[in-house]
Amino acid sequence: MGLVSLCLLAGINIQHLLETSIPGSIIGMMILFGLMTSGLVPSDWIRPSANLFIRYMVLFFVPVSVGIIDHFDMLISNATNILITTVGGTLIVLVITGLILQHLLDGGNK
């Protein structure tokens, strides 16, 4: 759990240093991902803390749920935009994924 926390702390510090709008947690996970893909950190070192975070993941959604309830009127007033964006984004991802897969599968048969 220490390595995950160190990556999170590094990400938060990088966010403050660069004054970027990218959350420090995302930067920290990118650091951890880079360390794991480069082979510097084996997945066996991360597995125990990852299992712990997954086991208690429901607790991480409590603050988000309270925030949604706090701003429910804003959510309802923007429901149409949120719905259009969600459905539209999903359709775009599905179409692009299908086209890429079709291109890859047709390229292998030629």
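R47 is partly exposed, with a relative accessible area of 42%; here buried means under 20% relative accessible area, exposed over 50%, and partly exposed in between, using a 1.4 Å probe and protein chains only. This is a predicted model, so local features need pLDDT of at least 70 and side-chain atom pairs count only at pLDDT 80 or more, while totals for chains, interfaces and linings use all residues. Residues are numbered from 1 along each chain as its sequence is written, and side-chain values use heavy atoms, with hydrogens and water left out.

**The salt bridge**

- R47 forms a salt bridge with D44, and the closest N and O atoms are 2.7 Å apart.
- A salt bridge here is a side-chain nitrogen of Lys or Arg within 4 Å of a carboxyl oxygen of Asp or Glu, and by this rule the count comes to one.
- Side chains of opposite charge can pair when their charged atoms come close.
- Both D44 and R47 sit in helix 3, three residues apart, which is about one turn of the helix.
- D44 counts as exposed, at 52% relative accessibility.

- Helices (H or I, at least four residues) are DSSP runs, numbered from the N terminus, and helix 3 covers residues 43-55.
- The expected span of a helix is 1.5 Å times one less than its number of residues; for the 13 residues of helix 3 that gives 18 Å, and this agrees with the 18 Å between its end C-alpha atoms.
- Helix 3 has a kink of about 25°, centred on S49, where the bend at a residue is the angle between axes fitted to the seven residues ending there and the seven starting there.
- S49 is buried, with a relative accessible area of 4%.
- A polar atom of the S49 side chain lies 3.1 Å from the backbone oxygen of I46. A polar contact is a pair of N or O atoms within 3.5 Å; within protein, one must be able to donate a hydrogen and the other to accept it, and residues adjacent in sequence count only if both atoms are side-chain atoms.

**The largest pocket**

- The largest pocket holds about 220 Å³ of space; that volume is the space filled by probe spheres set on grid points, which are joined across faces, edges and corners.
- On a 1 Å grid over the protein atoms alone, a cavity is a set of points where a 1.4 Å probe fits but cannot get out, whereas a pocket is an open set with protein on both sides within 12 Å along at least five of seven lines; lining residues have an atom within 4 Å of a point.
- The lining is made up of V4, S5, L8, S25, M29, L32, I46, S49, A50 and F53.
- Which helix gives the most to this lining? Helix 3 does, with four residues.
- Helix 1 (2-18), helix 2 (24-38) and helix 3 each supply at least two lining residues.

**The loop between helix 1 and helix 2**

- E19 is placed in the loop between helix 1 and helix 2.
- Its phi is near 50°, a positive value in a residue other than glycine.
- Is E19 buried or exposed? E19 is exposed, with a relative accessible area of 72%.

- M36 lies in helix 2 and is partly exposed at 31% relative accessible area; M36 and L6 are 30 residues apart in sequence and 14 Å apart in space.
- I26 also lies in helix 2 and is partly exposed at 42%; I26 and T80 are 54 residues apart in sequence and 28 Å apart in space.
- M57 belongs to helix 4 (residues 57-60) and is partly exposed at 39%; from M57 to G11 there are 46 residues in sequence and 20 Å in space.
- S65 is in helix 5 (residues 62-70) and counts as partly exposed at 37% relative accessibility; S65 and T37 are 28 residues apart in sequence and 33 Å apart in space.
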